[in-house]
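Keep the 3D view open as you read.

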Amino acid sequence: MNLNATLIGQMVAFVIFIYLTYRFVWPPIVAAMAERTKRIADGLQAADKAEKDLELAKQKVVEQLTSAKKEAAAIIDQANKRAIEIVEEAKEKARVEADRVKAAAQAEIDQATSRAREELRAKVVTLALAGAEKILESSIDQNAHNELVNKLAAQL
Amino acid sequence: MSAAEHEAITSSEYIKHHLTNLTYGQLPDGTWGFAHNGAEAAQMGFWAINVDTMGWSLFLGLVFFLIFRSVAKKVTSDAPTGLQNVVEAAVEFVDSNVKSMFPYKNTMIAPLALTILVWVFFMNAMDLIAIDLLPEIAKLVGVSLGADPHAVFFKVVPSTDPNITLGMAFVVFILILWFSITQKGLLGFLKELTLHPFSSSNPIVQTLFIPVNLVLELPGLIAKPVSLGLRLFGNLYAGEIIFILIAIMIGANLVLGFFGISLQIIWALFHILIIALQAFIFMVLTIVYMSMAYQTEEQH
């Protein structure tokens, strides 16, 4: 418990250990810690940036998807329209064709009717003439009464 | 714990034995050697050395340096592992303390504070080793070397030796003077001592104030290292004495022995706080004193 040279010994030792710490211990450890701090900060920044990039990419994907869907919808729409057009066209063509066929048939029918009527009339004239000849027993001059008979036939 | 084994020695002898340093110096007969008792050690005067506390102090200082140096050598900025975590925690702790208390630019303060914190902590922590363990080993070694078993003193806690604590405090004091003078100039430092707290615009009155100020300021300046060293010494010495007293109780009888053992454990647990706290206080006060040495008059 007496003060003695231990005091000086401890002072010298203390100074030496301060110097050793100052020279060999403190700088490398603090430098490493500062570097780690920087690296962590950089890493966090990079992560932030990556996150932002990811967000951007996601947004782009969504945009592209929407535009693709829109395009697809447009194409389908057009196709539908074209299909309807084609059907309409086909219908129109069919109707025209039907009309044409109907008209041709009608004309043929008309022709046949008038021909039949003509034939019938001619046959009726002949029949009427033959009937009248039988009734009048040739008292009628064919030439004199031709006009009358013709008139009769026309009325049939 | 050994008190029971040595019934020949009384309690007071046991205490005295534990509180005496192993001192090397000039013996009364003129030769150099180890003192045989406390009185002989006191007679040796200043030029003697406490081999036990000095040795442990140097050993613990080396332990501190080698541990931290081994980490500093292979320190990486990757994920730290093992010892590096511990060392970095200490460095980080010291660094934040220095940064908050010492706002000036000096790269020496932080290493100084780290040295104090860890070294003083190690020295204090020697208190937790069973009180008789190392002295008994020393006694065995001493006796085998031919020494009188009652003359082998061995104090293992360096901070219970005022030489050790005051030695560190005086280095801090020298640094206070050094930084005061380099920062403020010799004149500025003297002005700080002589023109405060009383000052006057009248030069004659001011001259009269100078001795008064000096009387007020000088004790404050000198009290810094003394209080710094004695605070650490006092706390650890008191703790050590309590360990010794409880150890005597253990030797008394079986009931007191068990009581003493539990007390020893409780006191050791409580002492962990003191160990860390005193190391921290020594460091903080050193930083504060350094900061005050840097502070110029205008900032008062």
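Which side chains meet in a salt bridge with an N to O distance of 2.8 Å? Keep in mind that you are looking at a predicted model. The partners are B:Glu88 and A:Arg36, so the pair joins one chain to the other. Between chain A and chain B the count is two salt bridges. On the side of chain A that touches chain B, the residues divide by class into 21 nonpolar, six polar and three charged.

Now zoom out to the whole interface. Chain A brings 30 residues to the contact, and chain B brings 57 residues. The size of an interface is often expressed as the accessible area that is lost when the parts come together. Here, the area buried between chain A and chain B is about 3800 Å², with carbon and sulfur atoms giving 74% of it. Polar contacts are found here too: 15 residue pairs across the interface, both residues of each pair being at pLDDT 80 or more.

The most comes from α1(A), with three residues. A:Val12 is a handy place to start looking, as a residue that lies in helix α1 of chain A.

Stay with that helix for a moment and find A:Lys91 and A:Glu88. These two form a salt bridge, and their closest N and O atoms are 3.9 Å apart. Why is the separation about one helical turn? A:Lys91 and A:Glu88 are three residues apart in helix α1 of chain A, and therefore about one turn of the helix separates them. Over all chains, the structure holds twelve salt bridges.

Finally, look at chain B as a whole. Chain B has nine helices and three strands. Read from the N terminus, its elements follow the order α-β-β-α-β-α-α-α-α-α-α-α. The C-alpha trace of chain B spans about 75 × 60 × 40 Å along its principal axes.

Methods:
Residues numbered from 1 in each chain as written. Chains lettered and ligands numbered in written order. Predicted model: local features only at pLDDT ≥ 70, side-chain atom pairs only at ≥ 80, totals over all residues. Heavy atoms only, no water. Contact = heavy atoms within 4.5 Å. Buried area = accessible area lost by both parts, 1.4 Å probe. Salt bridge = Lys/Arg side-chain N within 4 Å of Asp/Glu carboxyl O. Polar contact = N/O pair within 3.5 Å; in protein donor to acceptor, adjacent residues only side chain to side chain. Nonpolar A, V, L, I, M, F, W, Y, C, P; charged D, E, K, R; others polar. Helix = DSSP H or I, 4+ residues; strand = E, 2+ residues; numbered from the N terminus.
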